[in-house]
Amino acid sequence: MTDRRGIAPSLLRLGRRIRASIWKVPVDEEVEEELSFHLEMRVREYEARGADPAEARRRAAAGFGDMDRLKARCGELGRERERTRERHAWWDELRQDVRFGLRQLRRSPLYAAVAVLTLAVGIGATTAVFSVVDGVLLKPLPYEDPDELVALWTRYLPSSGLDIPRFELSGPEVLDYREQSQAMGAVAPYGVGSVTLGADDGPARIGAAFVDHRLLPLLGVRPALGRVFTEEDDLPGAAGTAVLSHGMWRDRFGGDPGVVGSTITVDGETGRVIGVMPDGFAFPTAEARIFFPLGFDEQSPGGRASHGLRAVGRLAQGVALEGARAELEAITAVWNDEFEHHAMGHFIFLRPLRDDLVGPVRETLLLLLAAVGLVLLIVCVNVANLQLARTEWRHRELGVRAALGAGGGRLVRQLLSESLLLALLGGGLGLALAWWATGAVTGIDPTAVPRLEEVGVDVRVVLFAVGLAALTALLFGAAPGIRAGRGRHLDALRGEAKSSGGRDGARFRRVLVGVEAAVGVVVVVGAALVGRSYWELSRVDPGIDPEGVLTSRVSLPRADYPSAAEVGAFWDAFLERAGAIPGVDDVSVLSRLPFAGGGSRWDFLPEGRPPPPPGVPVWNAKVTVGTPELFPVMGIPVRRGRIPERTASEGAPVVVAVNETAARRFWPGEDPVGRRVTFDMGAEDPAWLPIVAIVGDVRADGLDETVPDQMYVLPTGPLGSRSFVVAARTSGDPRSLTSAFRAVLGELDPALPLAEVRTLEGVVGASVARSRLAAILLAAFAAVGLFLAAIGIYGVVAYSVARRTREIGIRAALGAERDSLVRLMVREGAIPAVLGIVGGLGAAFLVAGLLRDLLFRVDPRDPATFLLLPALLGGVALLASWIPARRATRISPTEALRED
Amino acid sequence: MTPPQGTHLHGTLDALILKTLSHGPRHGYGVARWIEETTGETIRVEEGSLYPALYRLEKQGFLASEWGRTELDRRAKFYRLTEKGESRLGRETEEWRRFMEGVCRVLLPSFAAEAM
């Protein structure tokens, strides 16, 4: 019934539809009537041909066959027809609405552009943050049944005097857990490190994981090529085997499927590639690009007290984490009785593997998501305001539609489809924005955020964006739609005073402004708190002078440098040549950089004190081994005593320096300089090393952590360790000397890579990278939110002023002062904003408590922030109201009166 | 009408209905009578086939219906051909012509030779 065009037929149709919807005749009744009419006519036909009535009736009925079945069949078909018709009508209406929506948008391109752009920014930012949250927090780890996997760590109770949140396990402990625990289905130890991979295009330092042969099967992931380690591969002395990560295989082996079986050079020794892991797999993090067997010797698992292994376990079928925790703690408690050294309160703790990896970042990410969600809310409010304003403006048009029979529902649907159109356009643009932003984020240093390699715009993220767009359309489209549906537009047709409709709309918009202001306050306060926290963090004195220092790592493979003499000779030669590079003031080597994470703690014994029970860490400090020059290179001040210089002679002494914290703690009230310590615990003839100096504290564990007890072991003669960080203080830009260092290294041994080249500033900066990123992003969101809220207020006041131009003219003509008029207008925007700010302050006060864990040296209820910011925002609101008000009062009264 | 066996069972009746309505809107009885009169009572339309066909054609969009009044002022449901129905009629006619050609060539070669 829809093929004719033109106004007359459509009105007729409309009329018919109205009538049809009022008198709904069931299909069956129609069928009945139609068929009986036909029957009647047939009877008459036969009678006319001479049959008697009964005969005529019989013959007529015969033509119909089984009448009841016919009626039923026609009834069915009729109902199907109705359904099809309704469906088509619905689609037609929808198409009309969409076309109408597009036309409307084309007519006001500025409004459409503003709405689409703000929506794009809001939806895009939210989607980008969600994609990070999804990749890092929500996506399950790339293992089978990842919720069953736990990480096992040692913890020390406070009574032990050690403040170490988590620590590795020892070999015998791992064996015991595996054998004695029922709750754990499997336990596998592993370790991480880095190795030098030789290749034709130059050696490179690669992150590696050393895994027990049970570990990869425990994770339940099958290799993409080849196989993983078997028990034979894991025996000490087995031929070297390696499994590559997918990324490693792609990047360094060109994705060549023939890589399985090929040989590679690792730390100077040859090994065979036996398999490649699938794409998307990483353990424990993406930094480990190659896997080796751990070589854990179950016959000689090492000392019980020597904690150097990490471990992963899988919960047994049907066992909950709590149950496993309880069981393992009970096992450990038994050890406390059996083994003396456990008496110092040394316990197991389990953590779900996912928390282990992403735990530290979770709060920050969720905070960012909340913040960006609030900004999106501000965006929606703004667009809703825009929509409301336009709805009022389209009063007349909507009134005509209502009169022509568009029911309230239809009007709502029309306006909603316009909103949906805007939202989808904005969402599409926003998705593109998010895609770009996500690409930029993943380009940042991946160690700042774990699992960053899993972040990307995938199906889930796209669905999220689409859902978000629909939700925002509902949010900002509902208000004007509902108002339209209430049929107030018939008033408009009659030319009723606009003020009645206007007042209602104005009140609603004022409420929206209040909401906007409140949300804006919450976002800005949160951003300010986090920003101040970062500021405080960056002002902390690290204890070193990081400017102008170049660092890198050099590691000597055992195969090429088997004896201590060769190692010592290498370092001597290297240090001499490196020191001679022009631009280098001082060069040293040390075992580990501060702020780089990790580091080893050694037990020691001060001379004259009774030795503690074996394995009990009574005296324990973070130890750095290095040449004496490390103090001037790192800029660590010497507080007492003297650091001797390095000589190349054999037999030169090894000395020790301690930091102020260690001195205070282990030698309270005494001067440690001159005393001696030994690190050879429990040996017959321990080597006693003299303490020669007290040096300044370094916040080596992080700027926001407490200073650890530090000791520096300083060989003044030849060096014995095979891997050191090289640190050099330079005049000028440290990076410019990288090639010079490479050259020096190449002269001594071309097979050695200069790895992990960084400036010390970069290292310190990286340790606060997460804080900095969070602060920057929040500040950006807050700025956008504030800007949008200000625009929102401006818009509301400007609009209401425009509508009251006539009133202003009258007042002005009656002699009202310009200023009082301005004040009147400003109240329009400022009052709801101020109320909103007050409300927002309250909300922020409540919410701020949640931020406590993220803040450093900043009280979440910091009075300065809570007083200053609202004042600032109030000022912005006043300004945003004042500008349009002032402009309006500039109009001459006569012009204003002419406005209608 | 004894329905012919084979592929054109529905098709023939559909085509007849569409063609009938191409001359103007009619009610169901009118369609039946027109076909019967035009074929000289050779083809007799059974209501048991006619109405399902009419309803089906309407559902498919080839016909449209509305209630109206006959000359004798009785209420009846009138069917008319839609644009979609017109093109369908053209196709059906063409198909029928080809079918007929084929059969003619087999059964009545001389007649076929004359008519084609």
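Predicted model: local features only at pLDDT ≥ 70, side-chain atom pairs only at ≥ 80, totals over all residues.

**Entry 1: where the chains meet**

How much area is buried between chain A and chain B, and what share of it do carbon and sulfur atoms give? I found that the buried area is about 2700 Å², with carbon and sulfur atoms giving 53% of that. I then looked at who takes part: chain A puts 29 residues into the contact and chain B puts in 31.

Next I went through the charged and polar pairs. Nine salt bridges turn up across the interface of chain A and chain B. I picked out the one between Lys59(B) and Glu80(A), where the closest N and O atoms are 2.4 Å apart. I also noted 17 residue pairs in polar contact between chain A and chain B, both partners being at pLDDT 80 or more.

Which elements of chain A give two or more residues to the side that touches chain B? I wrote down helix 2 (27–48), helix 3 (53–64) and helix 4 (67–107). Helix 2 of chain A gives the most, with 13 residues.

**Entry 2: chain B by itself**

I counted five helices and three strands in chain B. Along the sequence, they run α-β-α-α-β-β-α-α. Chain B has 116 residues, and 41% of them count as buried. I looked at chain B contacts with a separation of 6 or more, too: 44% of them join residues 24 or more positions apart.

**Entry 3: the cores of chain A**

Which residues touch the most other members of the largest nonpolar core? My list reads Val136(A), Leu422(A), Leu778(A) and Phe781(A), out of 78 residues in that core. Several helices of chain A each supply at least two residues of this core, among them helix 5 (109–138), helix 12 (408–442), helix 21 (769–803) and helix 24 (863–889). The largest share is 15 residues, and helix 10 of chain A supplies it.

I zoomed in on Val136(A). Not counting residues up to four places away in sequence, Val136(A) touches Val358(A), Leu365(A), Val449(A), Pro450(A), Arg451(A) and Val455(A). I also came across a second, separate core of 43 residues, with Val554(A), Val658(A), Phe666(A) and Leu719(A) among its members.

I found Asp749(A) in the loop between helix 19 (738–748) and strand 23 (755–759) of chain A. Asp749(A) is buried yet has no salt bridge. The nearest side chain of opposite charge is that of Arg722(A), 11 Å away. What I did find is that the Asp749(A) side chain reaches the backbone nitrogen of Ala751(A) at 2.9 Å.

Pro203(A) sits in the loop between strand 3 (184–198) and strand 4 (204–211) of chain A. Beyond its neighbours within four places in sequence, the contacts of Pro203(A) include Thr196(A), Leu197(A), Pro750(A), Ala751(A) and Pro753(A).

Is Pro203(A) buried, partly exposed or exposed? I noted partly exposed, because its relative accessibility is 24%.

**Entry 4: Glu536(A)**

My last stop was Glu536(A), in helix 15 of chain A. I put Glu536(A) down as buried because its relative accessible area is 14%, and the cut-off is under 20%. Setting aside neighbours within four places in sequence, I found Glu536(A) in contact with Phe856(A), Arg857(A) and Val858(A).

Definitions and conventions:
Residues numbered from 1 in each chain as written. Chains lettered and ligands numbered in written order. Heavy atoms only, no water. Core = buried A, V, L, I, M, F, W, Y, C linked by side-chain atoms within 4.5 Å. Buried < 20%, exposed > 50% of the residue type's maximum accessible area, 1.4 Å probe, protein only. Helix = DSSP H or I, 4+ residues; strand = E, 2+ residues; numbered from the N terminus. Contact = heavy atoms within 4.5 Å. Lys, Arg positive; Asp, Glu negative; His and termini not counted. Salt bridge = Lys/Arg side-chain N within 4 Å of Asp/Glu carboxyl O. Polar contact = N/O pair within 3.5 Å; in protein donor to acceptor, adjacent residues only side chain to side chain. Buried area = accessible area lost by both parts, 1.4 Å probe.
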